[in-house]
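I opened this entry to keep track of what I looked up in one protein chain. The notes go from the whole chain to single residues.

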Amino acid sequence: MTQLVWFRNDLRVADNPALTAACESSEAARACFILTPDQWQEHDWSPARVPFVIAHANALAEELARLGIPLSFNYANRFDDSIDKAVKYRFDELGIAVRKYRDQTVAPVGEILTQQDEPYSVFTPFSRRWRSWIDETHPGLFPVPKARGNAVSPEQIDTIPDAFQDAPEPLVATGESAAHDRLERFLDERGGAYKEKRDFPAIDGTSLISPYLA
């Protein structure tokens, strides 16, 4: 049975629990990514963000293609908060199992709480508890899955949605490997001075990986 992975915001092949699970449970896998330009407008996406996301989606398609996993692009213009329920309902009707995976937080939501079982309202004690949780649980990373077979030709998005035609080219390098490279360079060259330089905008003292995290 072919497994379908729906990529949302987490456009990466490494440490991706949904992709790992799909590849472990089946020899065949496919992926999809839905472009919602009207939704992007309603959420005030900046002109620079759209080509950045599209470039990342194209890079993801190339990475998956090398693993023998085709990524299909679909347009929905917009969707509301009920789309997940609608998809699950339809798949349930067809007898297709749907599984969700946590991929945007290191610790499960609600895991890091005060002694009163309340969410932290101050960052420093939260940070201390988060680091101790890491030491206690040693969460692992999911490796890049092994190839499903021969490489396939990647589908690519070759046009920018009409509402974002005047968007500039991405201001930073795109793709999963570019994000890793930028982080590694920061740690090697400036990471040791982060505490002293992070609060000075005129100094290149931060990692500059926030576009990739977003």
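**Entry 1: the whole chain**

I noted at the start that this is a predicted model. I then went through the secondary structure and found eight helices and three strands in the protein chain. Reading from the N terminus, I wrote the order down as β-α-β-α-α-β-α-α-α-α-α.

Next I looked up the extent of the chain. Along its principal axes, the C-alpha trace spans about 50 × 45 × 35 Å. The protein chain has 214 residues, and buried ones make up 29% of them.

Of the contacts with a separation of 6 or more, 78% are between residues 24 or more positions apart.

For the charges, I found 23 positive and 33 negative ones in the protein chain. Their mean positions are 5 Å apart.

**Entry 2: the sheet**

In what order do the three strands lie in the sheet? I read the order as β1-β2-β3, in an open sheet with parallel pairing. The edge strands are β1, residues 3–7, and β3, residues 71–75, and each of them pairs on one side only. From one strand to the next, the twist averages 25°.

I then took the pairings one at a time. β1 pairs with β2, which covers residues 29–35, in the parallel sense over five bridges. Within this pairing, Val 5 has Ala 31 of β2 as its bridge partner. Leu 4 stands opposite Arg 30, also in β2.

The pairing of β2 with β3 is parallel and runs over five bridges. Here I noted that Cys 32 has Ser 72 in β3 as its bridge partner.

Why is β2 described as largely enclosed by the rest of the structure? Five of its seven residues are buried, so the description follows from that count.

As a reminder to myself, side chains in a regular strand alternate between the two faces of the sheet.

**Entry 3: Leu 35**

I picked Leu 35, which has its place in strand β2. Is Leu 35 buried or exposed? Its relative accessibility is 0%, so Leu 35 counts as buried.

I listed what Leu 35 touches, leaving out residues up to four places away in sequence. The list is Trp 40, Ile 54, Phe 73, Asn 74, Tyr 75, Ala 76, Asn 77 and Ile 157.

I also looked up a distance for this residue. Leu 35 and Ala 18 are 17 residues apart in sequence, and their C-alpha atoms are 20 Å apart in space.

**Entry 4: Asp 15**

Where does Asp 15 lie? I found Asp 15 in the loop between β1 and α1, the helix of residues 17–25.

Which residues does Asp 15 touch, not counting those up to four places away in sequence? They are Gly 140, Leu 141 and Phe 142.

Last, I looked up Asp 15 together with Gly 192. The two are 177 residues apart along the chain, and 26 Å separates their C-alpha atoms.

How values were computed: Residues numbered from 1 in each chain as written. Predicted model: local features only at pLDDT ≥ 70, side-chain atom pairs only at ≥ 80, totals over all residues. Heavy atoms only, no water. Helix = DSSP H or I, 4+ residues; strand = E, 2+ residues; numbered from the N terminus. Buried < 20%, exposed > 50% of the residue type's maximum accessible area, 1.4 Å probe, protein only. Contact = heavy atoms within 4.5 Å. Lys, Arg positive; Asp, Glu negative; His and termini not counted. Charge placed at Lys NZ, Arg CZ, Asp CG, Glu CD. Pairing = 2+ DSSP bridges. Axes fitted to C-alpha atoms, helices over the stretch in contact; angles between N-to-C directions.
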